[in-house]
Amino acid sequence: MNWTTIKEYQEILFEQYGHIAKITINRPHVHNAFTPLTVSEMIEAFTISRDDASIGAIILTGAGDKAFCSGGDQSIRGNGGYIDDHNIPRLNVLDLQRLIRIIPKPVIAMVKGWSIGGGNVLQLVCDLTIAAENAVFGQTGPNVGSFDAGYGSGYLARVVGHKKAKEVWFTCRQYSAQEALDMGWINTVVPLEEVENETVAWAEEILKKSPTAIRFIKAAMNADTDGLAGLQQFAGDATMLYYTTDEGREGKNAFLEKRDPDFEKFPKFP
Ligand code: S0N
């Protein structure tokens with residue numbers, strides 16, 4: 001597959017193939033553990049992908065075949081978060097989790113090897129997960145003095161059920177790709193050498209569908225899980241759509257033309 005670079009970064013790769021963007025955590029020497037810089041670079045790449053109308057789907061993955069991501073880089077974990085170049089402790093991966101949830105395009109995790117800790121929460125918040133046969137999933141928080149009590153726990157419980165989610169966190173066991181598939185944690189498992197073709201095939205299949213329909217389905221499912229914040233996202237999508245209608249434009253035009261709006265002409269659908 002011929003990926004072309006969209007922008008150069010220090011700790012990620014950001015590439016495009018057709019209408020698909022691929023964001024790759026590029027720290028294979030630490031199983032793609034992330035730093036505040038890795039995360040801020042991912043946030044920028046996701047934001048560029050969101051704004052670029054030519055991009056319809058985004059793949060998130062890790063460099064090499066050994067790991068998707070092993071979570072926060074423990075070597076720079078300080079008091080209150082992961083320490084950045086300005087000596088500020090950050091947990092900015094939480095902002096990235098939210099961005100992946102609200103970006104109105106499908107985000108697909110392509111998992112090879114370890115998907116562990118905060119890395120595994122990243123694959124969880126992606127809309128779909130395509131795993132290679134060598135993928136291993138698990139949380140380590142209670143072993144290493146951390147925990148993700150947000151999406152990492154509550155949303156995991158929605159996805160795999162409360163009993164399994166508690167098992168995952170209480171025991172810190174590691175699960176094979178097949179076990180994760182059986183739990184409904186991921187979408188499919190394929191041989192390692194096929195995982196990229198398979199992930200691109202899924203993205204291309206979705207790209208043939210109505211982008212507005214996909215946008216609303218994603219927002220609706222997230223609204224169900226995210227409460228008022230999810231509803232705000234869904235409502236914003238509805239407003240965007242309303243702005244494209246004659247009825248929506250009539251209100252703005254009437255204001256600018258200093259006249260009363262004429263809404264009577266618009267149909268009152270059942
Ligand atoms: C993935 C594991 C199981 C792989 O084991 P394996 O194959 O034996 O490889 P290793 O020899 O262990 O690793 C190879 C090299 O990579 C380094 N390394 C691996 N993971 C990390 C990491 N996370 N940080 C820093 N370095 C890492 C190894 O040290 C080794 O280097 P060398 O060769 O130089 O010795 C195994 O590696 C493993 O268990 N890794 C640690 C997994 C882990 O505990 N991750 C952190 C979990 N917590 C989070 O991710 C928190 C996320 C977060 O930000 C957050 C979000 C919301 C709320 C709270 C938090 C929070 O911070 O708490």
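# Salt bridges, ligand shell and a surface patch

The count of salt bridges here comes to 17, where a salt bridge is a side-chain nitrogen of Lys or Arg within 4 Å of a carboxyl oxygen of Asp or Glu. This is a predicted model, in which local features need pLDDT of at least 70 and side-chain atom pairs count only at pLDDT 80 or more, while totals for chains, interfaces and linings use all residues. Residues are numbered from 1 along each chain as its sequence is written, and side-chain values use heavy atoms, with hydrogens and water left out.

- Side chains of opposite charge can pair when their charged atoms come close.
- Lys7 and Glu44 meet through their side chains in a salt bridge, at 2.5 Å from N to O, and this pair links distant parts of the chain, with Lys7 in strand β1 (residues 4-8) and Glu44 in helix α1 (residues 36-51), 37 residues apart.
- The helices (H or I, at least four residues) and strands (E, at least two) named here are DSSP runs, numbered from the N terminus.
- Lys7 counts as partly exposed at 35% relative accessibility, and Glu44 is also partly exposed, with a relative accessible area of 33%; buried means under 20% relative accessible area, exposed over 50%, and partly exposed in between, with a 1.4 Å probe and protein chains only.
- Lys22 forms a salt bridge with Glu196, the closest N and O atoms being 3.0 Å apart; Lys22 lies in strand β3 (residues 20-25) and Glu196 in helix α8 (residues 195-207), so this pair ties together parts that are 174 residues apart in sequence.
- Within that pair, Lys22 is buried, with a relative accessible area of 7%, whereas Glu196 is partly exposed, with a relative accessible area of 21%.
- Lys265 pairs with Glu250 in a salt bridge whose closest N and O atoms are 3.9 Å apart; because Lys265 lies in the segment after α10 (246-256) and Glu250 in helix α10, the pair ties together parts that are 15 residues apart in sequence.
- Lys265 counts as exposed at 53% relative accessibility, while Glu250 is buried, with a relative accessible area of 6%, and salt bridges that share partners join Glu250, Glu257, Arg259 and Lys265 into one network.

**Ligand surroundings**

- Of the 24 residues around the ligand, Ser70, Gly72, Gly118, Thr140 and Ser146 come nearest, a residue being near a molecule or strand if one of its heavy atoms lies within 4 Å of it.
- By class, this shell has 11 nonpolar, 11 polar and 2 charged residues.
- An oxygen atom of the ligand is 2.7 Å from an N or O atom in the side chain of Thr140, and an oxygen atom of the ligand is 3.2 Å from an N or O atom in the side chain of Tyr82.
- A nitrogen atom of the ligand is 3.3 Å from an N or O atom in the side chain of Ser146, and the protein covers 64% of the 1100 Å² of accessible area (Shrake-Rupley method, 1.4 Å probe) that the ligand has on its own.
- The elements that give two or more residues to the shell around the ligand are α2 (93-102) and β10 (114-116).

**Surface patch**

- Tyr242, Tyr243 and Phe263 make a nonpolar surface patch of about 340 Å², a patch being made of residues with over 30% relative accessible area and no salt bridge, where like charges are joined within 9 Å and nonpolar side chains (Val, Leu, Ile, Met, Phe, Trp, Tyr) within 5 Å.
- Tyr242 lies in helix α9 (residues 211-243) and is partly exposed, with a relative accessible area of 37%.

Technical notes
A polar contact is a pair of N or O atoms within 3.5 Å; within protein, one must be able to donate a hydrogen and the other to accept it, and residues adjacent in sequence count only if both atoms are side-chain atoms. Ala, Val, Leu, Ile, Met, Phe, Trp, Tyr, Cys and Pro count as nonpolar, Asp, Glu, Lys and Arg as charged, and the others, Gly among them, as polar.
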